[in-house]
Amino acid sequence: MKFADFIQTGAIQASLQATSKEGVIEELVQSLLDAGQIDAEQREDIVAAIMKREELGSTGIGRGVAVPHTKHPSVQKLVGTVGVSESGVDFDSLDGERVQLFFLLISPPERPGDHLRALENISRQLRDETFCRFLKQSKTADDVQQLLQEADDNQFVSG
Amino acid sequence: MSNAPSNRMVTVRNPQGLHLRPADMLVRLATQFESTLRISKDGQWMDCNSILSLLTLGATQGTQLEVSAEGSDAENALAAVCALFEAGFHEMNEIEDTANPIVDR
């Protein structure tokens, strides 16, 4: 699976304003709503479900990266977006570091394989430190989009 | 003290596969042993102490993986990892209420 298969270009947030875990999640879910990817009446339910998942253990996986996510019956396919926070947000990460880079994912409940393949792609690409650093330094949604495209074209990792 | 690596095959049993929480559990388990634990899919070996590495396996339900442990407590480490896979990362009985994902307790 490639970034283009699940990252909604119109929902990318290159300069997150929020300074809290819940704030970041709300901002990213709102951007998916603004991009027409989720239903307005489902917004609060989705935010609550993602926060519920965070209570089971932070999705901050280290290296300043978090992957907040949930299953939700209102989406027909996996939808995701990327957020960048210049100052970083305390996300209770496993390594204690502040999180600058967010990949928020909402997947249909009956498609666990798609969620796994998205995680596989994100983690494989982020193991490349250059890609990870460039993403965190992105100033505009276009910057992020271009980096994701280059990653999809295998310009950062081989295979 | 035998330090030759010990290997064993495991199968991903839980329906959700080796997603973030199971990967987190594996890393936490691996840190409890002195031995170096690695996991491979199709000959591609990943360190068991990195969530990022484990997630790149993209191991869905039914996937066969090879676990390797090298060190003084290798046998115990292998047994613990195999038990965790066998238990389906304790989410075999997870009830998926798809109609209402927010569970009020």
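1. Helices here are DSSP runs of H or I with at least four residues, strands are runs of E with at least two, and both are numbered from the N terminus. Please keep in mind that this is a predicted model, in which local features need pLDDT of at least 70, side-chain atom pairs count only at pLDDT 80 or more, and totals for chains, interfaces and linings use all residues. Residues are numbered from 1 along each chain as its sequence is written, while chains are lettered from A and ligands numbered from 1 in the order in which they are written.

2. Is L29(B) exposed, buried or partly exposed? L29(B) counts as partly exposed because 16 other C-beta atoms lie within 10 Å. On this scale, 20 or more other C-beta atoms within 10 Å of a residue's own make it buried, 12 or fewer make it exposed, and anything in between is partly exposed, with C-beta atoms placed from the backbone.

3. Setting aside neighbours within four places in sequence, L29(B) has contacts with A80(B), V81(B) and L84(B); a contact means that the C-beta atoms, placed from the backbone, lie within 7 Å. As for N49(B), 20 residues away from L29(B) along the chain, the two C-alpha atoms are 8.8 Å apart.

4. Now for the helix pair. The axes of α1(B) and α3(B), the latter covering residues 74–86, come within 10 Å and cross at roughly 160 degrees. The two helices are therefore roughly antiparallel, a label for angles over 145 degrees. Axes are lines fitted to C-alpha atoms, for helices over the stretch in contact, with angles from 0 to 180 degrees between N-to-C directions.

5. Which residues make this contact? From α1(B) come M25(B), L26(B) and L29(B), and from α3(B) come A80(B), V81(B) and L84(B). By class, these are 6 nonpolar residues, with no polar and no charged ones. Nonpolar covers Ala, Val, Leu, Ile, Met, Phe, Trp, Tyr, Cys and Pro; charged covers Asp, Glu, Lys and Arg; the others, Gly among them, are polar.

6. Stepping back, chain B has 3 helices and 4 strands, arranged along the sequence as β-α-β-β-α-β-α. Of its 105 residues, 33% are buried.

7. Finally, the contact between the chains involves 18 residues from chain B and 28 residues from chain A. On the chain B side, α1 (20–30) and α2 (51–55) are the elements giving two or more residues. That side has 8 nonpolar, 7 polar and 3 charged residues.

Note on methods:
Contact = placed C-beta atoms within 7 Å. Parallel < 35°, antiparallel > 145°, perpendicular 65-115°, else oblique.
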